[in-house]
2 protein chains.
Amino acid sequence: MKLGEGVEAAIHCAAMLAGVDGNSTMSGAAMAEAFGLSPSYLLKHLNQLTTARILESVPGPAGGYRLARPAERITLLDIVLAVEGREPAFRCGEIRQRGPVKLDASAYVKPCGINAAMLKAERAYRAALAEATLSDIVADFMNDADPRTVAASCAFVERRQRPQKVQSSSQPSKA
Amino acid sequence: MKLGEGVEAAIHCAAMLAGVDGNSTMSGAAMAEAFGLSPSYLLKHLNQLTTARILESVPGPAGGYRLARPAERITLLDIVLAVEGREPAFRCGEIRQRGPVKLDASAYVKPCGINAAMLKAERAYRAALAEATLSDIVADFMNDADPRTVAASCAFVERRQRPQKVQSSSQPSKA
DNA sequence: CTATTGTGGATAAAAAATATCCATGAATAG
DNA sequence: CTATTCATGGATATTTTTTATCCACAATAG
């Protein structure tokens, strides 16, 4: 039972994006640099987050990624499922009916109790992940982490975030 | 996040071994046949259960496996950890310190909050697995499953289990 | 002794995770 | 408009993990 490295990367990136101002963005390359990750592979994971509507992406010279909704409404479960897929970790292969004894298919309509027990545990896991919001993660970091790391993170965000053109505010200049 | 197929095989085998009488055993080959599994690979998993002292093994012509302790004191967590290993599914790569910013190692003595949140969820998962005993699994099977499958399982165990030589008891009545 | 069974190591085959590259299209700064 | 920047998606390569097989060995019932 193992989670891919992409999960760690995705959560860290999302937490960093929670720190950008307003609708500013940060490029995938910047985040890859911040965490010493392979840029082209990280983009794959960021793309999964975009597909899951956890992030929004903006193409173009000043483009990048930003959170698709407030950090209060993004949970670790959202991110884990987006990156690892929604299928349960335990996959019942129905080996109970693979034996030499030929038994009618109607004998197996009731679900396998082993599968049920494993899935129940997995629901507990997911429930715990659903309790942890991205804003919790960020708040804990701000409060508990070493002040130097907090300062370094904020400085990085400040330096690398990119403001977006205002387009829908009070003056609809765009038409 | 995925669990290997060995987990399903191991739990089914343990549940079947819970049905053998006294100190009788059942061979790995018999269990592989019962579930349509590759014998040589299944032995690897059974061996992991033996190493973890969940099963006992008996070599020799009448040998095989049996539970090392009552089914009431074997949990799904025991089996999952024995087969999948005891390491957590989320492995923190400390990518927070892999960036270009050179910061003293003393800045990272406090554990990563993301890691803490992921491990907390994993504790909930393991706690749920620890609640499910092998005797629960067997009892649910006996009560809820289709009577034909119960009968078939019991018949298989009855036919393939192997009594052991009595060596220390008082009444060698079986003979 | 002989046949059967688990143990452990070595090894091979298959599948998945990780990583890179490139062509494409979209957006926009200038 | 033009050139640049960036995300997207496909193709592909590399590495690791999982799955599976085989064999020499030790133990033991008959």
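**Close-up views of a protein–DNA model**

**View 1. The neighbours of A:Ala14 in the nonpolar core.** Leaving aside residues up to four places away in sequence, A:Ala14 touches A:Leu49, A:Ile54, A:Ile74, A:Ile79 and A:Leu134. As you explore these views, keep in mind that the model is predicted. The largest nonpolar core has 94 residues, and those that touch the most other members are A:Ala14, A:Leu17, A:Ile79, B:Ala14, B:Leu17 and B:Ile79. Look for A:Ile79 in particular: this residue is a neighbour of A:Ala14 and is also on the list of core residues with the most contacts to other members.

**View 2. Helix 5 of chain A and its buried residues.** Helix 5 of chain A covers residues 113–131, which makes 19 residues. From its first C-alpha to its last, helix 5 reaches 27 Å, close to the 27 Å expected at 1.5 Å a residue. Which residues of helix 5 of chain A are buried? They are A:Gly113, A:Ile114, A:Ala117, A:Met118, A:Ala121, A:Tyr125, A:Arg126, A:Ala128 and A:Leu129. Within chain A, the buried residues of helix 5 pack against helix 4 (76–84). They also pack against parts of chain B, namely helix 1, helix 4, helix 5 and helix 6.

**View 3. The side of chain B that touches chain A.** Here 50 residues of chain B are in contact with 50 residues of chain A. Several helices of chain B each supply at least two residues to this side: helix 1 (5–17), helix 2 (28–35), helix 4 (76–84), helix 5 (113–131), helix 6 (134–144) and helix 7 (147–160). Helix 5 of chain B provides the largest share, 10 residues. Sorted by class, the residues on this side of chain B are 30 nonpolar, six polar and 14 charged. Of the interface residues of chain B, 100% are also interface residues in chain A, so the copies meet through the same surface.

**View 4. The rotation axis that relates the two chains.** A rotation of 180°, with 0.0 Å of shift along its axis, superposes chain B on chain A with an RMSD of 0.1 Å. The two copies are therefore related as by a two-fold rotation axis. Which residue of chain B comes closest to the rotation axis? Its name is B:Tyr125, with its C-alpha at 2.3 Å.

**View 5. The surface near DNA strand D.** Around DNA strand D there are 27 residues, of which A:Ser57, A:Pro61, B:Gly4, B:Ser38 and B:Gly60 come nearest. Two or more residues come from each of helix 2 (28–35), helix 3 (39–51) and strand 2 (64–67) of chain A, and from each of helix 1 and helix 3 (39–51) of chain B. Helix 3 of chain A gives the most, with four residues. The surface has 10 nonpolar, 13 polar and four charged residues.

**View 6. The surface near DNA strand C.** DNA strand C is surrounded by 26 residues, and the closest are A:Gly4, A:Ser38, A:Gly60, B:Ser27 and B:Ser57. The elements that give two or more residues are helix 1 (5–17) and helix 3 of chain A, along with helix 2, helix 3 and strand 2 (64–67) of chain B. In this case helix 3 of chain B gives the most, with four residues. By class there are 10 nonpolar, 13 polar and three charged residues.

**View 7. A:Pro61 in its loop.** Now zoom in on A:Pro61, one of the residues that come nearest to DNA strand D. A:Pro61 sits in the loop between strand 1 and strand 2 of chain A. Is A:Pro61 buried or exposed? A:Pro61 is exposed, because 5 other C-beta atoms lie within 10 Å. Along the chain A:Pro61 and A:Met16 are 45 residues apart, and their C-alpha atoms are separated by 20 Å.

View 8. A:Arg53 is not a glycine, yet its phi is positive, at about 60°. A:Arg53 is in the loop between helix 3 and strand 1 (55–58) of chain A, and it is exposed, with 11 other C-beta atoms within 10 Å. In chain B, B:Arg53 has a positive phi near 60°. B:Arg53 lies in the loop between helix 3 and strand 1 (55–58) of chain B, and with 11 C-beta neighbours inside 10 Å it counts as exposed.

**View 9. B:Leu81 in helix 4 of chain B.** B:Leu81 belongs to helix 4 of chain B. B:Leu81 is partly exposed, as 19 other C-beta atoms lie within 10 Å. B:Leu81 and B:Gly19 are 62 residues apart in sequence, and their C-alpha atoms are 22 Å apart in space.

Terms used
Residues numbered from 1 in each chain as written. Chains lettered and ligands numbered in written order. Predicted model: local features only at pLDDT ≥ 70, side-chain atom pairs only at ≥ 80, totals over all residues. Contact = placed C-beta atoms within 7 Å. Nonpolar A, V, L, I, M, F, W, Y, C, P; charged D, E, K, R; others polar. Least-squares fit on C-alpha atoms with pLDDT ≥ 70 in both. Near = placed C-beta within 6 Å. Expected span 1.5 Å × (residues − 1). Buried ≥ 20, exposed ≤ 12 C-beta atoms within 10 Å, placed from the backbone. Core = buried A, V, L, I, M, F, W, Y, C linked by C-beta atoms within 7 Å.
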